[in-house]
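Subject: Structure for you to look at

Hi,

Here is the structure I promised to pass on. Please open it alongside this note, and my notes on it follow below.

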Amino acid sequence: MTQEPYPVARLRPNRGKAYLGGHPWVYKDELVLDRRTSNLVPGTPVVLEDAKRVPVGVVALNPASGIVARELDRDSAARIGGDWIADCLSRALALRDRLYPRPFYRLTHGEGDGLPGLVIDRAAGVLVIQPNTAWAEAVLPDIIAALDTLLSPETIVVNRDSRGRIQEGLEGGREVLRGSVEGPIKIETGGMPLYADIEEGQKTGVYFDQFPNHAYIAALASDRRVLDVFSHTGGFALACLSGGASHVTAIDSSARALDLATKAAQEAGVDDRLDSRQIDAFDGMRALASDGEAFDIVICDPPAFAPRKDTLEAGIRAYERTSRLALPLVAPQGILVLCSCSHAVTPDALMGSAQRMFHKARRTARMIHSGRAGPDHPVHPALAESGYLKVLVFAVD
Ligand code: SAH
């Protein structure tokens, strides 16, 4: 059977150097966007050529997006059909099978797994799919068919609420595609259970990326008093309780998220050591300071304060404000954990903002550990964005 050739799109002369050097994206000003190319349906696979008309791979084209083309396959003869998608997904699954004893993880991390913008979280038979690019949206039926063959999921939720979709010109919304979602989903990774609110919660309801960092801090928490600011459903709080923390205060503005933290703590019989407070984090930290409270471990894991490059300055100020209010709550010889999931904020920038706060407060602090997202969030070596999470752990005198 002969196959229709893919349409061709061409790089401008001397442009697209990053792509040609291994980066998975082509920006709008790097591509010749004539009438034909501009009229292609967003997400269409095309053969990319360099300015000398040499094919350099198959990419997903989205004329509506600033990231106009995303790498699918460096083999220009590749066909991006059901088999190709099934191969990619089975590689992603095999990697997780090797890394995780239990089926609770991020199954695909977009470009980090060679699947542009496709994020899938797995809690045993429940899958939450985020098709964050026009390509991922267009091939959703193929993705689901491949997942059926690999995993036969009972429940599939499609979450279209990511910020990335707006840049791709895509609509938002959530949809239970298969099965039903009744109540929160239990995440059982071996230690304390955690509940995920996949219908109403943020993101996909659970922050798998922080799991190794929860475990790192939990190992320091025995007999310690812990403050978990921006606690969500209690990822750090519950891990610290299972690590033997004498008491944990969890702060979040979402009552719904905190209720799930309490539910998990009740089930584990440790709720007498958990104090959850639904309050704005900044107000909550001020109130604790004016009550003269201090903690052996203070964790701050705020939402992305700098989601885009143009919000970087305001974002850095918000991180500074967070550490400025957190620092007085750290007892002498305590631990301060500062997290940032804003990819625009580099580890150096986060460190710089923390350093200024330590200096102003005249507290000596030394970094003892730096954490990233877990291995179910593989980082594309050319794409810093896929390694967005930074966790700095300081010992504070
Ligand atoms: N630490 C969590 C993830 C935190 S996500 C974990 O490891 O699982 C960020 C959280 O910050 C969300 O739960 C959100 O409700 C909360 N949040 C955002 N802005 C806030 C504010 N101003 N005050 C308090 N909580 C806030």
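Let me begin with E49, which sits in strand β3, residues 44–49. Please keep in mind throughout that this is a predicted model.

Is E49 buried or exposed? With a relative accessible area of 12%, E49 falls under the 20% cut-off, so this residue counts as buried. Its side chain has a polar partner: the side chain of R10, in a polar contact at 3.2 Å. Setting aside neighbours within four places in sequence, the residues in contact with E49 are V8, A9, R10, L11, V54, P55 and V56.

Now to the overall layout. The protein chain divides into domain 1 (8–73), domain 2 (82–178) and domain 3 (197–396). Taken over C-alpha atoms, the centres of domain 1 and domain 2 are 24 Å apart. The contact between them draws on 13 residues from domain 1 and eight residues from domain 2.

Next, the nonpolar cores. The largest one has 42 residues, and within it I187 and V337 touch the most other members. Helix α8 (residues 235–242) supplies the largest share of this core, namely five residues.

Leaving out neighbours within four places in sequence, I187 is in contact with F104, A123, M192, P193, L194, A196, V206, F208 and F211. Apart from this core there is another, made of 31 residues, including V229, F230, M285 and A365.

Finally, the ligand, which I expect you will want to see. Which of the 16 residues around the ligand come nearest? They are H214, D252, D280, A281 and D301. Here are the polar atom pairs I noted:

- A281: a backbone N or O atom is 2.7 Å from a nitrogen atom of the ligand.
- D301: a polar side-chain atom is 2.7 Å from a nitrogen atom of the ligand.
- H232: an N or O atom of the side chain is 3.1 Å from an oxygen atom of the ligand.

On its own the ligand has 580 Å² of accessible area, and the protein covers 89% of that.

Happy to talk any of this through once you have had a look.

Best wishes

Terms used: Residues are numbered from 1 along each chain as its sequence is written. This is a predicted model: local features need pLDDT of at least 70, side-chain atom pairs count only at pLDDT 80 or more; totals for chains, interfaces and linings use all residues. Side-chain values use heavy atoms; hydrogens and water are left out. A nonpolar core is a set of buried Ala, Val, Leu, Ile, Met, Phe, Trp, Tyr and Cys residues joined through side-chain atoms within 4.5 Å. Buried means under 20% relative accessible area, exposed over 50%, partly exposed in between (1.4 Å probe, protein chains only). Helices (H or I, at least four residues) and strands (E, at least two) are DSSP runs, numbered from the N terminus. Contact means heavy atoms within 4.5 Å. A residue is near a molecule or strand if one of its heavy atoms lies within 4 Å of it. A polar contact is a pair of N or O atoms within 3.5 Å; within protein, one must be able to donate a hydrogen and the other to accept it, and residues adjacent in sequence count only if both atoms are side-chain atoms. Accessible areas come from the Shrake-Rupley method with a 1.4 Å probe; for residues, only the protein chains shown count as cover. Domain bounds come from an automatic or database domain assignment.
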